[in-house]
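Please keep the sequence and the model in view while reading.

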Amino acid sequence: MTNKYMYFIANWKMFGGLNSLNSLNRVINFFNKFKKSKFVKIIYCPPNTLLESMSRKLKKSRIDVGAQNCHEQENYGAFTGSINPIMLKSVGAKYVIIGHSENRKMGETDKLINLKIKSTLKSKLKVIFCIGETLKQKRKRMTKKILDSQIKLGLKKIKNKKDILIAYEPVWSIGTGLVPKNNDLLETVKYIKKKVKNYKVLYGGSVSSNNVNQLKLVHNIDGFLIGGASQNSKKFIDIIKKTYN
Ligand code: PGA
């Protein structure tokens, strides 16, 4: 694991104000000195209100910035409260998280997610495509079926593989402190990679500096999507350091 290229994506969700940007100094300093930095890709996804100031702050740092969602229409339009990929790009975003379970829960369908992925790619932004089963579905042993359908519908008629990262995030592990058993995770990631060849697959859900030593043993994972722990720069740095220890 020590020399593997890995993504570390910080999903700040609906947290953070301008003063939170100060915490990035620590991450920038760490990353400038980190011996394994050439294997590490850090992407910060703050709320849209911080995109511009954050991308300005990270400009010289090799750390990228992404958004947490977007409207499905690539161009401008009369959609109150919405932001399209071009607008996100104009304030420095290079990635967009699409299909996060917190948005699926609010009614985002696979079809809508597919449209969002297409317009994001058209705007020359990269996609972090989230999939994952609920606890109920897991208990009914439906995980593979659910992932199959999310992948099939979400990636319908999309050929561009290099600009999409898949984030496997079991809904029951997000924000709960629970993570899948290593063997289960290995199997699931293997399954996803067999279904859709040549995609990078990340894991997300309660990743922390306490469990990363265990999670990093799942060798087919290409990185982590980190929510709660990413808002604390010390914890976020710890996760990266421990991954390469
Ligand atoms: P968590 O969130 O790390 O707080 O569980 C992960 C996510 O929702 O992307």
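Helices here are DSSP runs of H or I with at least four residues, numbered from the N terminus. By that numbering, D110 is found in helix 5, which covers residues 110-122. The model discussed here is a predicted one.

Although D110 and L153 are 43 residues apart in sequence, their C-alpha atoms are 5.7 Å apart in space. When its neighbours within four places in sequence are left aside, D110 is in contact with R104, S149, Q150, L153 and G154.

Helix 7 (residues 143-154) also packs with helix 8 (residues 182-195), and the axes of these two helices come within 11 Å and cross at roughly 35°. Their crossing is right-handed. On the side of helix 7 the contact is made by T143, K144, L147, D148 and I151, while helix 8 contributes E187, T188, Y191, I192 and K195. In general, the angle between the axes and the distance between the axes are what describe two packed helices.

The ligand has 13 residues around it, of which K13, H100, E169, G175 and S206 come nearest. This shell divides into three nonpolar, eight polar and two charged residues.

| Residue | Part of the residue | Distance to a ligand oxygen atom |
|---|---|---|
| K13 | N or O atom in the side chain | 2.7 Å |
| E169 | polar side-chain atom | 2.7 Å |
| G227 | polar backbone atom | 2.9 Å |

On its own the ligand has 280 Å² of accessible area, and the protein covers 95% of that area.

Terms used:
Residues are numbered from 1 along each chain as its sequence is written. This is a predicted model: local features need pLDDT of at least 70, side-chain atom pairs count only at pLDDT 80 or more; totals for chains, interfaces and linings use all residues. Side-chain values use heavy atoms; hydrogens and water are left out. Axes are lines fitted to C-alpha atoms, for helices over the stretch in contact, and angles run from 0 to 180 degrees between N-to-C directions. A crossing is left-handed if the near helix is turned anticlockwise from the far one by less than a right angle, and right-handed if clockwise. Contact means heavy atoms within 4.5 Å. A residue is near a molecule or strand if one of its heavy atoms lies within 4 Å of it. A polar contact is a pair of N or O atoms within 3.5 Å; within protein, one must be able to donate a hydrogen and the other to accept it, and residues adjacent in sequence count only if both atoms are side-chain atoms. Accessible areas come from the Shrake-Rupley method with a 1.4 Å probe; for residues, only the protein chains shown count as cover. Ala, Val, Leu, Ile, Met, Phe, Trp, Tyr, Cys and Pro count as nonpolar, Asp, Glu, Lys and Arg as charged, and the others, Gly among them, as polar.
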